[in-house]
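Reader: I am new to this structure. Could you take me through it in questions and answers?

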Amino acid sequence: MQNNPNTTLITATAPVAANTHGGRAKCLQRLVRLELPVPRTVALSFGAVHDIAEGQMPDIAAVLEQFDETDLLCVRPSSEDPDWGGPGAILNIGMNDARYVELSDSMGADAAAALYLRFVQNYAVHVARLDPDVFEDVVDEGPQGLSEVLHAYEAETDEQFPQDPAEQLSEVLKSMARAWEGTTARLLRQAKGAPADAGLGLVVQQMIPGVGQGECGSGVLQLINRSTGMPQITGRYLSQSQGRDALGAGSGALYLEKDARGPSLEELAPEAFEELKTHAALMRAKLREEMQVEFVIESGHAHILDGVRVPRSARASVRIAVRLAEDGIIPQEEAVMRIEPHSLNELLHRQVDPEATRDVLTTGIAASPGAATGKIVFTAAEAQASAARSEPCILVRRETSPEDVRGMHAAVAVLTEKGGMTSHAAVIGRGMGLPCIVGASDMTFQTKKKTLTAPDGRVFKTGDTLTIDGSSGQVLAGQPAMLEAALDECFQTLMGWADQARDIGIRANADTPADAQTARNFDAQGIGLCRTEHMFFDPGRLTVMREMIFADEPSGRAAALERLLPMQREDFTQLFRIMQGKPVCIRLFDPPLHEFLPTTRTGQRELAEALDIPVSDVTRRVEAMSEYNPMLGLRGVRLGVTVPEIYDMQARAIFEATIEASRDGAPVVPEVMIPLVSAKREVELVKVRIDAVAAAVAQERGQDFDYRLGVMVETPRACLRADEIAPNTAFLSFGTNDLTQMTYGLSRDDAGRFMSAYVQQGVFNEDPFHVLDTDGVGELLQLGAARARAAQPGLTLSVCGEHGGNPESIAFCRDAGFDYVSCSPFRVPVARLAAAQLAI
Ligand code: PEP
Ligand code: MG
């Protein structure tokens, strides 16, 4: 048999590999090499199992020769990746009437009957394909149960239960091989990422029965807690049992370690318990992984049947990888590679306990991760009132607008009917680390009536409790159990190792001091985008802003800007101080002015009162400023060109803050960024004025400072003409949100409505606002980067759209030679880890 690679006795040197015989066979060989007490095992290769499915049996007699005639056998699946599953194990092959009589003498009739009965039932259902209901009425225990089961088998098949071990084994192998080739199994494993032609190996193993005289039983053991990753011996043991029975046995099963909650294996069989702990520790060290050990105890001694990687939560994964590296078992780089970057989201945010029951009302777009429970409110004002009462609330809106930002600050989560990954609620939510679901269009939002109706007809009104799971997109009724964020020292250690390996910079998009602090806490290398318009929605400032918009005369506008200046100066000083000399890129004002004007009657009346003008003036102005297509209207640099005083004020605030913050801290070199550029002349016009403001401030204060002027490339034309734009700038930052919108001609605020239909029908592989479209938008990025660098080598290039936090998109940016990506603060750790993995 050693010469037949299709059926191989597993020894330390046998030719067994995971890609020919499967992961289980390979693992068993490793255990044999460690000289652990593993029962004798024969591995059947993928080729052999495929042949069996096609009707070509290997030499069964040769397989059986590897075992004693009295051995019972079991067959288990061995797919290349254990996660791909496989048919269930079949135990106690070789049981027949004669063995039953012999075993009844040695271990007692009940134990022998249990072995035989289990085999007959499994064989009947999985091999002979009988309906499990056939055994519904039989007593399923002891000799009486056995005889009833055998009888039922014979009645159903008109045949005696097969007595020949060779025939039994052949039939079992055949049924398992065919089960793997079936359509359902194929689809199931493909859903888990297996290739269409993934092979199945099988292992035939000598049974250690787990039933009989003395202390016999089976169980599983692991050295850690699978939710937290902390050292803790966990698992279950069940006397007189086989396979994984202990796991499903409920109260009948024992704890392993001494436990106040009940009896334990440690007390029942201390020697076996010690042996198991030693074996498990050896497996951890040599297999370089936390393993779940499947074991059998026979007359007080432990045998190891199998080892599988402990299934684990994301937080446990981090702790396990870090501890393995700290113990010198794996290198640090490998620990970094073992963590799936997206899984960090589970650690960074509170989440619904995976064990909790979920009452799911609907699933929308998971726009900002984390989970929160609160009473629903339908307006920003209600959210603020709720926060003032210290009552957590969820802001429910059809969509959010800048006026809702104060409500978002007061809420613990946001739910909207409309929108996609880059709509207002999504971008602000991610920036604030606020759980957010957008595009929940299956629900009926009646915000005026203040009701929210779920697809199943349940109606929720103000004050009712919902839970938003922004990680999965699920809207849940009530308050499921939660797990807190876990930013412990293992997380910090892992991130430190990731930074050592990484070769592309990671900055954060941060608009407020709180965002900047989060960015610092997550070790962002600077701020890559501060959207200054987000600084104007504070109720105190909004009125001054509106006065500025309403000013008819330049002098009136100047007066309002004069009042906004110290507020902005204070904002920037704080950002610079928090970032302690790390670069801060401030984008000059971007949105259309009319966004600052009230849209509702009440709002317009309030504004008329505040400004002491007739409501009709307010209404007229709102109408006059409204645009058919604001996203393509008077925003970004177009404002800077037509109402230059606003950018002048912002530049002055930035430079005065620079001097202020540099006085008592690290020297600041601010980066000033011009948004939505499409022509070189726009940059020239703005640059002249900003340079002039810088010179004026330096002269007034008697202090020189440096600053860097850059352009945000977010229109297709700016990409195409990057060669003429670059020479006026120190850096270009690609705004892939607008660039995606304009390249596709796809509204970022409306695409959510039909995006899922587009993705489902394969028009787009993914939502291009979420994962960078490397073919189209990516080509524009490459083209813009190449043209800009050719015109001005040494120019800093970055991406600051939402894609900056997406691992696939980071890979693209790194390949294209970008210096850094910038993303929402809470995505910084994911980006740091993903970037490190690209460099390892
Ligand atoms: C962008 O367009 O990619 C961007 C970062 O700017 P905003 O999302 O503010 O339009
Ligand atoms: Mg933009």
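Author: Residues are numbered from 1 along each chain as its sequence is written, and chains are lettered from A and ligands numbered from 1 in the order in which they are written. This is a predicted model, in which local features need pLDDT of at least 70, side-chain atom pairs count only at pLDDT 80 or more, and totals for chains, interfaces and linings use all residues.

Reader: How many helices and strands does the protein have?
Author: Helices (H or I, at least four residues) and strands (E, at least two) are DSSP runs, numbered from the N terminus. Counted in this way, the secondary structure of the protein comes to 33 helices and 30 strands.

Reader: What share of the 840 residues of the protein counts as buried?
Author: A residue is buried if 20 or more other C-beta atoms lie within 10 Å of its own, exposed if 12 or fewer, and partly exposed in between, with C-beta atoms placed from the backbone. The C-alpha atoms fill a box of roughly 110 × 60 × 50 Å, taken along the principal axes. Of the 840 residues, the share that counts as buried is 49%.

Reader: Which elements do the buried residues of H2 pack against?
Author: Helix H2 (residues 23-33) is mostly covered, with 9 of its 11 residues buried. Among them are Gly 23, Leu 28 and Val 32. Two residues are in contact if their C-beta atoms, placed from the backbone, lie within 7 Å. The buried residues of H2 pack against helix H1 (18-21) and strands S2 (41-44), S3 (73-79), S5 (200-206) and S9 (301-309).

Reader: Which residues of S14 are buried on one side and which on the other?
Author: Strand S14 (residues 393-397) is mostly covered, with 5 of its 5 residues buried. In a regular strand the side chains alternate between the two faces of the sheet. In S14 both faces are covered: one side has Cys 393, Leu 395 and Arg 397, and the other has Ile 394 and Val 396.

Reader: What is the handedness of the crossover from S13 to S14?
Author: Strand S13 (residues 371-377) runs parallel to S14 and is joined to it by 3 bridges; two strands pair if DSSP finds at least two bridges between them. A crossover is right-handed if, with the strands pointing away from the viewer, the path from the first strand over the helix to the second runs clockwise. The chain passes from S13 through helix H15 (residues 380-388) to S14, and this β-α-β crossover is right-handed.

Reader: Which residue of S15 is the bridge partner of Ile 394?
Author: S14 and strand S15 (residues 413-416) pair in the parallel sense over 4 bridges. In S15, the partner of Ile 394 is Ala 413.

Reader: Is Phe 295 buried or exposed?
Author: Phe 295 is found in strand S8 (residues 291-298). Residues that Phe 295 touches, not counting those up to four places away in sequence, include Ser 218, Leu 276 and Ile 304. Because 27 other C-beta atoms lie within 10 Å, Phe 295 is buried.

Reader: What is the order of the strands in the open sheet of 4 strands with antiparallel pairing?
Author: Strand S6 (residues 217-224) and S8 pair in the antiparallel sense over 5 bridges, and in S8 the bridge partner of Leu 221 is Val 293. The order of this open sheet of 4 strands is S7-S6-S8-S9.

Reader: Why is one side of S17 and of S19 left without a neighbour in the sheet?
Author: This open sheet has 3 strands in the order S17-S18-S19, with antiparallel pairing. Strand S17 (444-446) and strand S19 (459-461) stand at the edges, so each has a single partner strand.

Reader: Which element gives the largest share of the shell around ligand 1?
Author: A residue is near a molecule if its C-beta atom, placed from the backbone, lies within 6 Å of it. The residues around ligand 1 include Val 427, Arg 531, Asp 590 and Cys 800. Strand S24 (527-531) and helix H29 (736-744) are the elements that give two or more residues to this shell. The largest share, 3 residues, comes from H29.
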